[in-house]
Amino acid sequence: MKEKIKVGYIGLGRRGTSVLKACVSEMSDVEIVAVCDLEECKIERIKKTLAEKGCPEPFATTDYHELLKMEEIDAVFIMTSWNSR
């Protein structure tokens with residue numbers, strides 16, 4: 001069994017950021033290896049938050065297709081709004 005589950009995270013708005021900060025980044029058996037949002041400022045903000053928590057810097061992109069192609073990812077959180085494309 002894996003020591004850590006490697007996850008990708010799509011959507012860094014209010015709901016996505018709140019869940020990532022309060023839950024996902026606190027799980028000792030989860031590593032956030034990639035994040036994605038359409039807005040670069042949201043990506044930079046979450047990278048800073050993760051660094052402050054002592055987490056490794058994740059791969060970051062504005063194109064979710066890049067994240068989904070990453071073979072090392074075991075699971076993906078999709079925290080976009082209901083009307084996102």
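**Calling the terms: accessibility, sheet and pairs**

Student: Why is Lys-47 called buried?

Tutor: Lys-47 has a relative accessible area of 18%. Buried means under 20%, exposed over 50%, and partly exposed in between (1.4 Å probe, protein chains only). The value of 18% is under the cut-off, so Lys-47 is buried. A note on the source: this is a predicted model, in which local features need pLDDT of at least 70 and side-chain atom pairs count only at pLDDT 80 or more, while totals for chains, interfaces and linings use all residues. Residues are numbered from 1 along each chain as its sequence is written, and side-chain values use heavy atoms, with hydrogens and water left out.

Student: What makes Glu-44 and Lys-47 a salt bridge?

Tutor: Their side chains meet at 3.6 Å, N to O. A salt bridge needs a side-chain nitrogen of Lys or Arg within 4 Å of a carboxyl oxygen of Asp or Glu. The pair therefore qualifies. Glu-44 and Lys-47 are three residues apart in helix H2, so about one helical turn separates them. Helices (H or I, at least four residues) and strands (E, at least two) are DSSP runs, numbered from the N terminus. Glu-44 itself, at 43%, is partly exposed. Glu-57 joins Glu-44 and Lys-47 in a network of salt bridges.

Student: Which parts of the chain does the pair of Glu-26 and Lys-53 link?

Tutor: Glu-26 and Lys-53 form a salt bridge at 2.4 Å, N to O. Glu-26 sits in the loop between helix H1 (14–22) and E2, and Lys-53 in the loop between helix H2 (40–52) and E3. They are 27 residues apart, so the pair links distant parts of the chain. The count of salt bridges comes to five.

Student: Why do strand E3 and E4 stand at the edges?

Tutor: Four strands form an open sheet, E3-E2-E1-E4, with parallel pairing. Strand E3 (59–61) and E4 each have a single partner strand, so one side of each lacks a neighbour in the sheet. Two strands pair if DSSP finds at least two bridges between them. Strand E1 (residues 5–10) and strand E2 (residues 30–36) are joined by six, so they pair.
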